[in-house]
Each structure stands twice: as structure tokens, then as C-alpha cells.
Amino acid sequence: MRRLIITALFVAPLLALLIVRQSPLGALGVVFVSHMLALYATLRPTCGWWGPVVTSFEPRGREVWLTIDDGPHPEDTPRVVEILKRFEARATFFVKGKNVTAWPEVARAAIDAGHTLGNHSDTHPSGSFWRARLPTIEREIDNCNAALARIGAGECRWFRAPVGFKNLFAHPALTRRRMRLIAWSSRGFDGARASDVDKVVDRICRDVQPGAIVLMHEGVFTAAGESFSASCLEALLTRLSGDGYRFVIPQDDQLIS
């Protein structure tokens with residue numbers, strides 16, 4: 001599919017030039033369709049048209065993979081780690097490199113508590129990563145990996161694109177670094193704004209099944225300064241653990257793309 005989309009992007013303008021006199025609308029339609037294919041592959045986080053995207057894993061029982069984006073946060077991460085400990089849950093924190101550099105001890109504490117860290121880019125350019133060129137993408141990945149290496153996190157195998165958006169340059173950059181693109185299968189939009197905890201949990205649980213990858217966030221606070229992220233996490237773990245789920249970090253050979 002990747003080759004087909006790239007071919008269409010090059011061929012569509014030429015075809016449009018050939019038919020524009022006979023059919024202006026047809027010429028416009030050819031270009032429109034080719035660009036829509038590329039945009040869908042880019043802006044749909046779980047779409048694997050540009051390359052493999054991990055959206056689930058092979059469970060060993062009632063297991064889900066809890067992933068937490070946008071940290072570390074000096075106030076929120078310790079709360080999140082404490083909640084995970086109470087529920088005997090393990091998670092992967094997809095962190096920003098700039099935050100790891102700013103608060104290395106907070107990131108290291110998550111590792112020491114039994115969790116893993118994934119690459120969520122260095123500066124999290126959410127508004128521009130989807131259209132970034134290869135050098136920019138490589139810099140975002142490498143700078144975050146370097147920050148993780150400085151705190152002894154080991155070789156990073158997993159990358160999550162900012163907002164989940166990726167373009168045709170992302171997979172070549174990841175392949176050269178032996179990394180895999182990780183998306184999700186269940187999300188509650190808890191990172192958008194602090195709203196209703198129950199609605200967030202309901203959205204997540206609607207799509208949860210064994211082998212699901214759950215997306216959550218940290219560092220989101222209410223207007224009163226309380227951690228909305230921590231409240232959502234505690235409510236979710238309470239509900240899912242009551243349903244018999246365990247929260248694990250899968251091995252690479254369990255990942256499904």
C-alpha cells in the first residue's frame with residue numbers, strides 16, 4: 001500500500017494534466033483522491049498503509065498493555081507510579097525527551113518501579129510532526145533516545161508518534177533504528193482536557209479486550225489544580241481489575257501489527 005500511495009502522488013498530477021481539458025472535475029478528482037489516501041495514512045494513528053503499526057498484542061489471559069504518554073512530569077509521574085504500585089500494574093511510559101532531560105530522576109524512578117519507557121519524540125511537535133521531513137523526524141527520535149540513554153534506560157525499541165500522526169518518512173527512520181511504531185486500540189481522550197472521569201473510563205472500556213493497548217496521559221490537571229490524569233488512571237484500574245484484567249508489558253514477539 002505504501003508504494004501504491006507514493007506512486008499515486010506522483011502519477012496523479014500527470015494524469016490530471018492529461019485530462020484537465022476534457023474533464024476539469026475529473027482531473028481535480030484524481031489529485032484529490034491521491035492526496036486523501038496519503039492524508040488518511042498519515043492522520044489515522046492505527047492505519048498501517050505507510051508501514052506496520054502495532055495496535056494490539058497476543059495476551060496470555062486477561063491482559064492489557066497500559067501506555068501513558070507525555071511525561072515525565074515532576075508532580076504527576078510520582079502519583080501515577082504510586083497508583084500503579086497499589087494495583088500491581090506495570091505500564092510503559094511514552095516520554096518526551098525534553099522532559100526526561102529536565103527531570104531525569106523522575107523518569108528513572110519509573111524504571112526503578114518496574115515500568116518501561118518508550119520514545120514519544122524529543123519536543124512533541126504535535127502540530128507539525130505529521131508533515132515533518134526525514135531530518136526532523138530523525139532528530140526528534142534520536143534526541144529522545146539520547147535522553148533515555150543518559151538515564152540508563154537501555155536501548156529503546158518502541159516509538160509513538162506525537163498525536164499518533166506519522167508520514168512516509170517515519171517508518172524508514174524507525175527501521176534503521178530497529179524500532180517499532182506503537183499505536184493503541186483503546187483510548188479515552190483524557191489528554192484533551194480535564195472533563196469527566198467516568199466518561200473517559202467508559203470510552204476506554206468500550207474497546208478493551210484481552211490484548212488491547214490502552215492509551216492514557218499524564219500531566220493533565222483540573223482548574224483546581226488536581227491531577228485529572230491520576231483520577232482517570234485510578235478509576236480505570238479499579239474497573240478493569242474488578243473485571244479480572246492484569247496490566248502487563250508484552251514482549252516484542254507478542255506485538256501485533
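Contact here means heavy atoms within 4.5 Å. Helices (H or I, at least four residues) are DSSP runs, numbered from the N terminus. This is a predicted model: local features need pLDDT of at least 70, side-chain atom pairs count only at pLDDT 80 or more, and totals for chains, interfaces and linings use all residues. Residues are numbered from 1 along each chain as its sequence is written, and side-chain values use heavy atoms, with hydrogens and water left out.

**Stop 1: α3 and α9**

Select residues 76–86, helix α3, and residues 228–242, helix α9. Their axes lie 9 Å apart, at an angle of about 10 degrees. Axes are lines fitted to C-alpha atoms over the stretch in contact, and angles run from 0 to 180 degrees between N-to-C directions. α3 is therefore roughly parallel to α9 (angles under 35 degrees; over 145 is roughly antiparallel, 65 to 115 roughly perpendicular, the rest oblique).

Now show side chains. From α3 come Asp76, Arg79, Val80, Ile83, Leu84 and Arg86; they meet Ser229, Ala230, Leu233, Glu234 and Leu237 of α9. Colour this contact by class: six nonpolar, one polar and four charged residues. Nonpolar covers Ala, Val, Leu, Ile, Met, Phe, Trp, Tyr, Cys and Pro; charged covers Asp, Glu, Lys and Arg; the others, Gly among them, are polar.

**Stop 2: α8 and α9**

On the α8 side, select Val197, Val200, Val201, Asp202, Ile204 and Cys205. On α9, pick Phe228, Ser231, Cys232, Ala235, Leu236, Arg239 and Leu240. The classes are 10 nonpolar, one polar and two charged.

**Stop 3: the largest pocket**

Centre on Leu9, Ala38, Thr42, Trp50 and Leu168, which lie nearest the centre of the largest pocket among its 13 lining residues. A pocket is an open set of points on a 1 Å grid, with protein on both sides within 12 Å along at least five of seven lines; lining residues have an atom within 4 Å of a point. The space is about 290 Å³. Helix α2 (residues 24–43) gives the most to the lining, four residues. Eight lining residues are nonpolar, three polar and two charged.

**Stop 4: the largest cavity**

Finish with Pro45, Val53, Arg160, Ala161, Gly164, Lys166, Leu181, Ile182, Ala183 and Trp184, which line the largest cavity (points where a 1.4 Å probe fits but cannot get out). Its volume is about 40 Å³, the space filled by probe spheres set on the points. The lining has seven nonpolar, one polar and two charged residues.

Conventions. Helix = DSSP H or I, 4+ residues; strand = E, 2+ residues; numbered from the N terminus.
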